[in-house]
Amino acid sequence: MRVLVIGRTGQIATELLPRLAAAGHEAVALEPPEFDMTDAGQVAAAFARHRPEAVVNCAAYTAVDRAEDERDLAFAVNATGPRLLGEAAAAADVPVVHYSTDYVFDGSKDTPYTEADPPNPVGVYGASKLAGEQALHAAQPRSVTLRTAWVCSPHGNNFVKTMLRFGRERPGMRVVADQHGAPTFAADLAAAAVALLPRLAAAPAGDPLFGVTHLTGMPYTTWHGFAEAIFAGAARRGQKAPRLIAITTADYPTKARRPANSRLDCTRAATVLGLPPQDWRAGLERCLDALMKESAA
């Protein structure tokens, strides 16, 4: 298949592109400055030039705190962009895979969120991502949105890399222990898209494959629990681990509110899409191996 990938250097796109090639697909990856998905003319030109048979949107505005001051930019990237991609994909009759976030929920529920739970974002980032989901599916019903959380990889900026860097610099670290969720490795999210694409291309509108689906790693943990696993893995690889201090969200104020509960119920992903959640602990081992190999080079 010819696959148009929006984004090239982000965590998911970096993992996706080699997997598409290995599966025999022809992928074209576009991102700024040469491509602006918030420009209808540029989106139309990209579809006309590359004639994709599927689209995977890996691009997003993800600066959660800065979004509070850059609302227009966040909504342009996270809402207008997906709408334009959906409109172009509908005109070309090709499916779209899109990634979204746990931030569409307010985090007040006591149990994991299902796709049937009403969204209630409490910040600009979450609101912009929810608007993007809605606009995409209204424009192109043959779309899949994979809502995920706590994305990590050996690439870009993420919690694993931040912890390892601070761990080398500081004897002790304070980590929030009252926010619950599940780390998700970009490699697993990329593999999910590769597995879905041929099925989506053959599926008609209305097929249960399409729609919003939750997909994170498992098991659930806290940021503090995740940090403990990161430093235990780093210690096994010879890096000294700092002393971890559990704190509350109130002890670490941020401009944008974080969901206390980011746990997503991934039953639909497993039963309908055939994508069972992957154990993030295995992903962490692979990520640490890659990062340690990189630092030793």
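Entry 1, a glutamine in a loop. I looked up Gln179 in this predicted model and found a relative accessibility of 7%, which is under the 20% cut-off, so Gln179 counts as buried. I placed Gln179 in the loop between β7 (172–176) and β8 (180–181).

I then asked which side chains make a polar contact with the side chain of Gln179. One is the side chain of Trp223, at 3.1 Å, and another is the side chain of Thr249, also listed at 3.1 Å. Leaving aside residues up to four places away in sequence, I noted that Gln179 touches Trp150, Thr221, Thr222, Trp223, Thr249, Arg258, Pro259 and Ala260.

I counted 6 aromatic pairs in the model. Among them I wrote down Phe105 and Tyr113, which are stacked, with 4.2 Å from centre to centre and 15 degrees between the planes. Phe105 has a relative accessibility of 1% and therefore counts as buried, and Tyr113, at 4%, counts as buried as well.

I went on to Phe159 and Phe226, whose ring centres are 5.4 Å apart; their planes meet at 20 degrees, which is under the 30 degrees required, so I recorded this pair as stacked. Because Phe159 lies in helix α5 and Phe226 in helix α7 (residues 223–236), the pair ties together parts that are 67 residues apart in sequence. I checked burial here too, and both Phe159 and Phe226 are buried.

Which residues do ring pairs link into a cluster? I listed Trp150, Phe159, Trp223, Phe226 and Trp280. Two names in this cluster, Trp150 and Trp223, had already come up in my first entry, as residues that Gln179 touches.

I noted a space of about 200 Å³ for the second largest pocket. Its lining is made up of 13 residues, and those closest to the centre are Lys161, Leu164, Arg168, Leu291 and Ser295. The largest share, 5 residues, comes from α5, the helix in which I had already placed Phe159.

Key
Residues numbered from 1 in each chain as written. Predicted model: local features only at pLDDT ≥ 70, side-chain atom pairs only at ≥ 80, totals over all residues. Heavy atoms only, no water. Helix = DSSP H or I, 4+ residues; strand = E, 2+ residues; numbered from the N terminus. Buried < 20%, exposed > 50% of the residue type's maximum accessible area, 1.4 Å probe, protein only. Polar contact = N/O pair within 3.5 Å; in protein donor to acceptor, adjacent residues only side chain to side chain. Contact = heavy atoms within 4.5 Å. 1 Å grid on protein atoms, 1.4 Å probe; cavity = no way out; pocket = protein on both sides within 12 Å on 5 of 7 lines; lining within 4 Å. Points joined across faces, edges and corners; volume = space filled by probe spheres on them. Phe/Tyr/Trp six-rings, centres within 6.5 Å; stacked < 30°, edge-to-face > 60°.
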